[in-house]
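Open the model in your viewer and keep the selection panel at hand. The stops below go from one surface feature out to the whole chain.

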Amino acid sequence: MLSFMWTWNDYFLSLILVADSGHQPLTLGLGAFSGRYLVQVNLLAAAAVLMSLPIVCLYLFFQRQFIRGMLSGAVKG
């Protein structure tokens, strides 16, 4: 789950390696809402919420396994 989130939110590597705008991830698309002198905060916030929905849905679906895995390393004995 954490590895998926880090890959999902990867910005810098995809900025360097992906040249075609059709293959860019959503994180690079968020950069389109901020210009040189103007930032469209309302569109940026709406896009950020829509971008985070798949991660929230995955967490809700795998919540039991995620919590079990986090607690398995914390239990002593």
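Which residues make a nonpolar surface patch of about 650 Å²? Select Tyr11, Phe12, Leu13, Leu15, Ile16 and Leu17, which make this patch. Accessible areas come from the Shrake-Rupley method with a 1.4 Å probe, and for residues only the protein chains shown count as cover.

This is a predicted model, in which local features need pLDDT of at least 70 and side-chain atom pairs count only at pLDDT 80 or more, while totals for chains, interfaces and linings use all residues. Residues are numbered from 1 along each chain as its sequence is written, and side-chain values use heavy atoms, with hydrogens and water left out.

Next, select leucine 15, which sits in helix H2 (residues 12–17). Leucine 15 counts as partly exposed because its relative accessibility is 44%, where buried means under 20%, exposed over 50% and partly exposed in between.

Now show the whole protein chain as a cartoon: five helices and zero strands. Helices (H or I, at least four residues) and strands (E, at least two) are DSSP runs, numbered from the N terminus.

Switch to a surface view. The accessible surface of the protein chain comes to about 6400 Å², with 69% belonging to carbon and sulfur atoms. Of the 77 residues, 9% are buried.

Finally, colour by pLDDT, the predictor's confidence in each residue, from 0 to 100. Confidence is lowest in helix H1 (residues 2–8), at a mean of 70, and highest in helix H4 (residues 41–61), at 89.

Note on methods:
Patch = residues over 30% accessible without salt bridge, like charges linked within 9 Å, V, L, I, M, F, W, Y side chains within 5 Å. Salt bridge = Lys/Arg side-chain N within 4 Å of Asp/Glu carboxyl O. Buried < 20%, exposed > 50% of the residue type's maximum accessible area, 1.4 Å probe, protein only.
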